Amino acid sequence: MIAVILEVFKLSLGAFLALQWVSIMLFLIAEWAMVDFYKLGTFDNPKSVFDKVPNFIMRLILGTGFYFNNRFSKYNWFTRKLYMLIALILIGVVSIIIYNLITVPLDLIFN
């Protein structure tokens, strides 16, 4: 039973980290469409729970890409794309390190 829970946790963690990497890649490739999609799916000043839930889901799915896009939006197009590419590479490496730091000790403890 613990092995199944551990495997589901590992798959969920890997999927979440991969999703953040993909969100940066989407903002790198199709920036104008993704910014419009993100702003269309969120509320500026949410007041109720029904307004806050879509904001939470959008931040969970596309949060990293939108964060880096906003952070680099003050630069020109070429520089912004270069910084997004660097962020894409760094987040990929950091995600692999985080995944291994979390899952390898769990494998050693429970297997």
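The model is predicted: local features need pLDDT of at least 70, side-chain atom pairs count only at pLDDT 80 or more, and totals for chains, interfaces and linings use all residues. Residues are numbered from 1 along each chain as its sequence is written, and side-chain values use heavy atoms, with hydrogens and water left out.

**View A. Helix α1 against helix α3.** Helices (H or I, at least four residues) are DSSP runs numbered from the N terminus. The axes of α1 (residues 2-29) and α3 (residues 49-71) cross at roughly 40° and come within 7 Å; axes are lines fitted to C-alpha atoms, for helices over the stretch in contact, and angles run from 0 to 180 degrees between N-to-C directions. That makes α1 oblique to α3, where angles under 35 degrees count as roughly parallel, over 145 as roughly antiparallel, 65 to 115 as roughly perpendicular and the rest as oblique. α1 passes α3 in a right-handed crossing, meaning that the near helix is turned clockwise from the far one by less than a right angle. From α1, the contact (heavy atoms within 4.5 Å) is made by Phe16, Leu19, Gln20, Ser23, Ile24 and Phe27. From α3, the contact is made by Leu60, Ile61, Leu62, Gly63, Thr64, Gly65, Phe66, Phe68 and Asn69. The residues of the contact of α1 with α3 divide into 9 nonpolar, 6 polar and no charged. Ala, Val, Leu, Ile, Met, Phe, Trp, Tyr, Cys and Pro count as nonpolar, Asp, Glu, Lys and Arg as charged, and the others, Gly among them, as polar.

**View B. Gln20 in helix α1.** Gln20 is found in helix α1 and counts as buried, at 7% relative accessibility. Buried means under 20% relative accessible area, exposed over 50%, and partly exposed in between (1.4 Å probe, protein chains only). Leaving aside neighbours within four places in sequence, Gln20 is in contact with Leu60, Ile61, Gly63 and Thr64.

**View C. The largest nonpolar core and Tyr38.** A nonpolar core is a set of buried Ala, Val, Leu, Ile, Met, Phe, Trp, Tyr and Cys residues joined through side-chain atoms within 4.5 Å. The largest core has 15 residues, of which Ile24, Phe27, Tyr38, Leu62, Phe68 and Met84 touch the most other members. Two or more residues of this core come from each of α1, α2 (31-40), α3 and α4 (77-110). Apart from neighbours within four places in sequence, Tyr38 is in contact with Phe27, Met58, Arg59, Leu62 and Phe66.

View D. The axes of α3 and α4 come within 10 Å and cross at roughly 145°, and the crossing is right-handed. Gly65, Phe68 and Asn69 in α3 meet Arg80, Met84, Ala87 and Ile91 in α4. The residues of this contact divide into 4 nonpolar, 2 polar and 1 charged. Asn69, placed in helix α3, counts as buried at 5% relative accessibility. Leaving aside neighbours within four places in sequence, Asn69 is in contact with Phe27, Glu31, Val35, Arg80 and Met84.

View E. Leu82 is partly exposed, with a relative accessible area of 39%. Leu82 and Leu28 are 54 residues apart in sequence, and their C-alpha atoms are 9.0 Å apart in space.

**View F. Asn45 in the loop between α2 and α3.** Asn45 is found in this loop and counts as exposed, at 61% relative accessibility. From Asn45 to Asn55 the C-alpha distance is 10.0 Å, and the two are 10 residues apart in sequence.
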